[in-house]
Amino acid sequence: MKVILFLLTLSLLHSIGYSQQENKQLFNGCATDLMHQSVPMLQPHQHELDDEKYQNSLLKNKGGSHASPKSLQTIPVVVHIIHNNGPENIPDAQVQTAIATINTKFAASPFNQIQFCLAQRDPNGNATTGITRDISPLTNEIMELQDVALKDINRWSPTCYMNIWVINDISSLSMGSGVVGYAFLPSAHGQPMDGIVIEAGFFGNNAQTDAVGVHEIGHYLGLYHTFEGGCGNSNCLIDGDQVCDTPPDQTTFAACNPSANSCSTDADDPSSNNPFTTDVADLSDDYMDYSAFSCYNQFTQGQYDRMYYFLTNVRGSLLNCLSCTPPCPTPITATITNPTSTVIISAGSTVNFTGTTNSSSPNWYINPGSVLGTGNSLNYTFTAPGTYWMKFSVPSTNPAFCLDGLDSVKIMVNQAVTAGCPQVTAGNDQFVCPNTSVQLNATPGFDSYSWLPTTGLNNPNSANPIATISATTEYVVTALELGPEMVTNADFSMGNTSFTSDMIYTSLYSPCNYYVGPLFFGQVYPGVDDHTLTSDSMFMSMDGCVNGPTKIYEHTILGLNPNSDYRFSFWATRAAGNQPIFETHLIGDVTGDFLLPIETGLFVPLGGNFIWDEYGITSWNSGVNSSVTIRIINQETNGYGVDFGMDDVSFRELCTSKDTIKLTLVNSSPLLNLGNDTSLCAGGIYQLDAGTGFMNYLWNDGSTGSTFTAYGIGTYWVTATDSCGNVQSDTVHITQAPDPQIDLGSDITFCGNAFVPLTYTSSETFTSFSWSPASHLNCTTCPAPIAHPDSSYLTFHVYAATANGCIAEDSITLRYDPEASLEVSILATDPICLDKGSIVVQNAPGTNGVLSIDFNNGGFSTETSYQNLEDGTYSLSIINLLTGCSMDTLVAFEIDPENTLYIPNSFTPNGDLYNNLWKIEGVCMGEIDCRIYNRWGEEVGALRSTTDTWDGKHNGLAVPDGIYTYTIVVTYANEKIEFKSGFIAVIH
């Protein structure tokens, strides 16, 4: 029973004022019991993990006390002063006085082995006074509503420090302003609420009121009030305050009263654990009772033993930290440089880790004691899904003062998902006879089927419909199936792994906590069971947060197929008070956030069993994304009744596949036709084809294929039966045909190092060749190999085969003649005026072969035309690659006259056929301007181009015979200009 709820009739209200708190003489304002009750999971946890362990240890010691040897233990303390610039902002000296006074009070007993120190190093290893200061209005606290918020202002790890928050005023919804301090029992060790809260007026103000701190430390180390449980004492190990040497007590004291005795059951427990054989007075001077401050002066040996037990067991982590030692002079550093943040991979993937340190002998491990590698790098393959913390640890060389260097990185391993979807098949195409039906058979095992068109089908949504057709029909089947589950730990059967949450993971049933197990926070309340009951029956239970929308679940899925549809869903229970409000995001690695519609749980009457509802989206397309992050946020922030569970998170590909089957209605039989009779050379083969569309075939030799190979001449027949039982036959006669012919042409004469292409003519089409001898050929199976003879007489043979196996043969002889000459024609064009010269070399008519020419000592090539040549002499060395014949020659260009004019001095324009026109001719003329004058200077004619002429007329009339003068301005092709003048005799 929690006496604080009904035995506070002696409480005195006190003011928020600091001075009134200083003068208070009576302590009765501890709220530990009430705060312990405010977190439901603390009671069973305290009972199961603390009390039972301690009681079992006491039973092993016959004397009723923990008699094993003890050594002095030091608890590191950090004092957080939360103030609003008022008198509650006490000086460091007052804090130091409080710790010194508490040490003095503990040390007053010869049984004590516990002392306290203000921390000398902070959680980062830096030097500290063990005192922090923060400004906040929460220095005036309503404890039931603001406890964790107060402690969130500044909290050092409760596993390495006893945190004490010193504030101005503690108020309670049920106790009013009479509370001066409270603590949480060892069951809260390491949790956000763990530690002690005390008003500033009762911390270091004077030695008597520092009994409040001693009292709350007693609770922190596992002691109950001495009046806990009243007078019951049948077993002192489990009754009352569970300390056997504190007599049963059911009252509190307003003043010192050493003779008061509120219970007569002191000797009821007959076991050796009980030190009392007669009734004794209550301990009004015990620190764990309510009494006047002046009365307090003792803990019993049993209380010291109980505190020592909880300190060295449940709170043992406090003793394993270096919080009370000076900072390390040279801290060991260990930093993981790759990867630097959480990595999400699929099972079977390898991660490359690297780290740096200022010391030696680093180790890599996931589980302590199992070193995976040493040095500054590690390649590690994660084979199983789950959440792993890879740690990079460097041992300290000075463990008394320096901690090991340690860094870690989270690796989230998803289960490997087989890519792709199953494919449906509709079976082979079929022939259907009139008035018959066939059964279609799609691949079994899909979730749904749809056949189109539906015409002629008895059930188009079945995997095996019956088809009755009246015409040839092509059916398409579409099958749908959900792909494999892509969420790792989808049903939480693996526990608290493969996902992240901004809530706190613990079995404590308290706001903003979550837990994974078969029961709601490990207890049968409020009637929440696993959504899909399996052998483990695990699900995620949650108590909603009050500090804003909270991410309750996040998981990343890799390996999405592009532009594919996926179905996402999760199941959640309805809350009994305020409903969860789910804000769900699907965040693609390329396209970003896709927000689903906000969904709210349906109301369930208070006290009723919760009901599972499904949330999510039926289809989400991956687009260009290769991964997606599922993020679920609870928007509800009301602090009452937002208790719910979540299970069976699912993300699966919507696998759709299609296939086609063609049903051909056999209205008439296919026509059997082996073709016309034919002829074949001796030893040849011939392929016969009966065609498709028949069910059975039977050839003259008993073979049953649709084709038949005929070897040689003879008579061949086949009988074919169609799908409707109709039978047809056909026969082919193959007679003797003449052998094919091939002609390699006339023998070839060569005169040097020749490369002779061997070619043929024939009316046949050959499919294979065999040439010999191979030693002088570049290829023996080509249609036209190149021969390279090296003797005076060499004969080449060829055997050529047709597709029917008929063989033709021929031969050609290559003869060497050193006297043979190269026959070519050389066409040379001299350069004239501005035009360059050219040389073209060709085979003489009737000769063949590729010419290789060394032009003007520039090296041999197959180029035969040379342009833009200047005046001069050019050398040519010519070889016919076919015959090997060669020659050397020179081509010289003569210099033609340039800029020459030819001007006649007379002409006879008398109408006969001779010398009727006067014109100017020349070499390299470009432009001309010629004027003709009579004796009086009159212009009677003109030539203005090189093609103009004068016909001896002026204005259409013939000029008289006589002498005429001319002037000429001529511009040559080289732009030189020349002036001429002279006389012309006109004679009719």
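A: Happy to! Strand S43 (residues 766-772) and strand S45 (residues 793-802) run antiparallel and are joined by six bridges. Bear in mind that this is a predicted model. Within that pairing, Trp771 stands opposite Val798 of S45.

S45 also pairs with strand S46 (residues 807-816), again in the antiparallel sense, over nine bridges. Here Tyr799 has Glu809 in S46 as its bridge partner. The hairpin of S45 and S46 has four residues between the strands, and Gly805 takes a positive phi near 90° in this hairpin.

Arg815 forms a salt bridge with Asp747, with 2.7 Å between the closest N and O atoms. This pair links distant parts of the chain: Arg815 is in strand S46, while Asp747 is in the loop between strand S40 (727-736) and strand S41 (748-750), 68 residues apart. Arg815 counts as partly exposed because its relative accessible area is 34%, and Asp747 is partly exposed too, with a relative accessible area of 39%.

How many salt bridges does a search of the whole structure find? It finds 15. Another of them joins Glu870 and Lys836, whose closest N and O atoms are 2.4 Å apart. Glu870 lies in the loop between strand S51 (865-869) and strand S52 (872-880), and Lys836 in the loop between strand S47 (824-829) and strand S48 (837-843), so the pair links parts of the chain 34 residues apart. Glu870 counts as partly exposed at 43% relative accessibility, and Lys836 is partly exposed with a relative accessible area of 39%.

For a further case, look at Glu554 and Arg631, which form a salt bridge with the closest N and O atoms 2.6 Å apart. Glu554 is in strand S27 (residues 550-558) and Arg631 in strand S33 (residues 627-634), 77 residues apart. Is Glu554 buried or exposed? With a relative accessible area of 16%, Glu554 is buried, because the cut-off for that class is under 20%. Arg631, at 28% relative accessibility, counts as partly exposed. Both residues belong to a network of salt bridges that links Asp502, Lys551, Glu554 and Arg631.

Note on methods: Residues numbered from 1 in each chain as written. Predicted model: local features only at pLDDT ≥ 70, side-chain atom pairs only at ≥ 80, totals over all residues. Heavy atoms only, no water. Pairing = 2+ DSSP bridges. Helix = DSSP H or I, 4+ residues; strand = E, 2+ residues; numbered from the N terminus. Salt bridge = Lys/Arg side-chain N within 4 Å of Asp/Glu carboxyl O. Buried < 20%, exposed > 50% of the residue type's maximum accessible area, 1.4 Å probe, protein only.
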